[in-house]
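Keep the structure open and follow along.

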Amino acid sequence: MISMRKIVLPRIRGNPKTFVHWGAAVCIGVVAWHGIPALIALSAIIPPLIFSQRSRVEAFFVAFAYYAAANWPLIPGTLGYFGPSGTVFHALLLWAVPSLLLPLPWTICWTAVASKAPWRLPLAYMLSIVPPFGIIGWASPLTTAGILFPGWAWIGLALVIVISALVLYAPQEAAVTAAFLVLAANLSYPGDPPPPKSWEGVFTSFEQISDPNNPAPEFQVAKCLQLKAEGSNRQVIVFPESMVPNWTDATELLWKRTLDQARVSGKTLLIGVGVPIVGTSNSRNAVLVIRNGAPAAVLQRIPVPVIMWNPTSRTGQSASMRLFDSGIIDIDGERAALLVCYEQLLTWPILASAVDHPTLIVGLANDNWARGTPIPAAQQAAITAWARLFHLPNILAVNL
């Protein structure tokens, strides 16, 4: 059997530029997804860089370098999420698997024939953002559209893809065209629209929300949220993800006074909750919408793979995928596109929402487990980029 070393090393020795390209991909992966929206634009370099390699093997390793660098916060983040039960092995596994899978669309579509790049590179883009790759498709270079072409919506998305392909076929012409269009888009952009005055996104900093052996933390969190809801003068109040770990009939009784007051005053509450999966101890991530009538749960469209969504589960404890839901709810004259935590880093959910003409993006997250990592900032930067692309206001509610 020929070892991977014998296959890869001769190619590297024959093309020293590969080291430079790897280094560039690593730097871009780290910097672009560190949480500063403008720097996401650097990721536009990655697709042409991948396709400029001499071989499919080199293309794979350049793509891997980018995704592995962009994904590195998963290592400390996983350890924070699982706490004492987490291990370095689990953290490395959850970092390595998507880092190895996400380069595949680019590697499969790679070609050494420049004349084929104008259709192969767009195909790679498409494969990387639609399911099944789309359910782990974070750090997508397509996110850069909101930074390069703010307000240009679907045209901006198309331009990122087309220009990336033309760079390989006619680099000088593509570079000049890109510079002109980016300048035109940013100079003509009227600025980020402000969020509706009647809406409020609540930021919290609860270290512990639930304890299976002690109900006190959950009661304390509920009390704080209720006081905020009752004291706010806004019509729509958005609370972060997972503020109520399990919304049950008993929980609804605990919230009865606040729910009644909200109905009387005409307020709408959006609360990140867990909806119990019948017959199991698990729950589905959801946004509970409380207004006139009974509370209604809007389920998270793309639960975190493995941790929340496990297609191999035979016990019914896995949350379900809702890939083709728009995630839009009509509230207070707005069509709000809901993005719950993990969905904020993906491309598929926001594009599925954009098709249904939202007027507002609402992001809910519980990122306390990721404190000290770039994950919370990266989520907010991604929302900023998508909001700019479609010229939409955004509301954030985060527990950090």
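This is a predicted model: local features need pLDDT of at least 70, side-chain atom pairs count only at pLDDT 80 or more; totals for chains, interfaces and linings use all residues.

Look at strand 4 (residues 283-290) beside strand 5: the two pair in the antiparallel sense, over 4 bridges. Here A286 stands opposite L299 of strand 5.

Now take strand 3, where T268 lies. Is T268 buried or exposed? Its relative accessible area is 8%, which is under the 20% cut-off, so T268 counts as buried. Its contacts, leaving aside neighbours within four places in sequence, are Q235, V236, I237, V289, I290, R291 and I331.

A second open sheet has 4 strands, in the order 6-7-8-9, again with mixed pairing. Strand 6 (328-331) and strand 9 (394-399) stand at its edges. Each of these has a single partner strand, so one side of each is without a neighbour in the sheet. The twist in this sheet averages 25° from one strand to the next. Strand 8 (residues 360-366) and strand 9 run parallel and are joined by 6 bridges. A365 stands opposite V398 in strand 9.

Next, turn to helix 14 (residues 256-265). Which of its residues are buried? They include T258, L259 and A262. These residues cover an arc of only 100° around the axis, so they sit on the same side of helix 14. R257 and V264 are on the other side, and they are exposed. What do the buried residues of helix 14 pack against? Their partners are helix 12 (216-231), helix 13 (249-254), strand 3 (268-276) and strand 4. After helix 14 comes G266, with a positive phi near 80°.

The largest nonpolar core has 86 residues. Within this core, W199, V238, L270, V362 and F390 touch the most other members. Helix 16 (residues 375-389) gives the most to the core, with 8 residues. V238 deserves a look. Not counting residues up to four places away in sequence, V238 touches W199, E200, G201, V202, L270, V362, L364, I395 and A397. Another core lies apart from the largest one. This other core has 21 residues, among them L225, F239, L269 and L288.

On to the aromatic rings. A pair of rings is described by the distance of the centres and the angle of the planes. The whole structure holds 13 aromatic pairs. F19 and W22 form one of them: the ring centres are 5.7 Å apart and the planes are at 75°, so the pair is edge-to-face. Both F19 and W22 lie in helix 2 (residues 17-32), 3 residues apart, about one turn of the helix. F19 is partly exposed, with a relative accessible area of 48%. Ring pairs also link F19 and W22 with F60, F61 and F64 into a cluster.

W106 and Y125 form an edge-to-face pair too, at 5.1 Å centre to centre and 75° between the planes. W106 belongs to helix 7 (residues 104-109) and Y125 to helix 8, so this pair ties together parts that are 19 residues apart in sequence. W106 is buried, at 1% relative accessible area. Y125 is buried as well, at 0%.

Finish in a loop. A139 sits between helix 8 (117-129) and helix 9 (145-148). With 2% relative accessibility, A139 counts as buried. What does A139 touch, beyond residues up to four places away in sequence? Its contacts are W33, Y66, Y67, A70 and L345. A139 and Y342 are 203 residues apart in sequence, yet their C-alpha atoms are 12 Å apart in space.

Methods
Residues are numbered from 1 along each chain as its sequence is written. Side-chain values use heavy atoms; hydrogens and water are left out. Two strands pair if DSSP finds at least two bridges between them. Buried means under 20% relative accessible area, exposed over 50%, partly exposed in between (1.4 Å probe, protein chains only). Contact means heavy atoms within 4.5 Å. The arc is that of the directions from the helix axis to the C-beta atoms. Rings of Phe, Tyr and Trp (its six-membered ring) pair if their centres lie within 6.5 Å; planes under 30 degrees apart count as stacked, over 60 as edge-to-face and the rest as tilted. A nonpolar core is a set of buried Ala, Val, Leu, Ile, Met, Phe, Trp, Tyr and Cys residues joined through side-chain atoms within 4.5 Å. Axes are lines fitted to C-alpha atoms, for helices over the stretch in contact, and angles run from 0 to 180 degrees between N-to-C directions.
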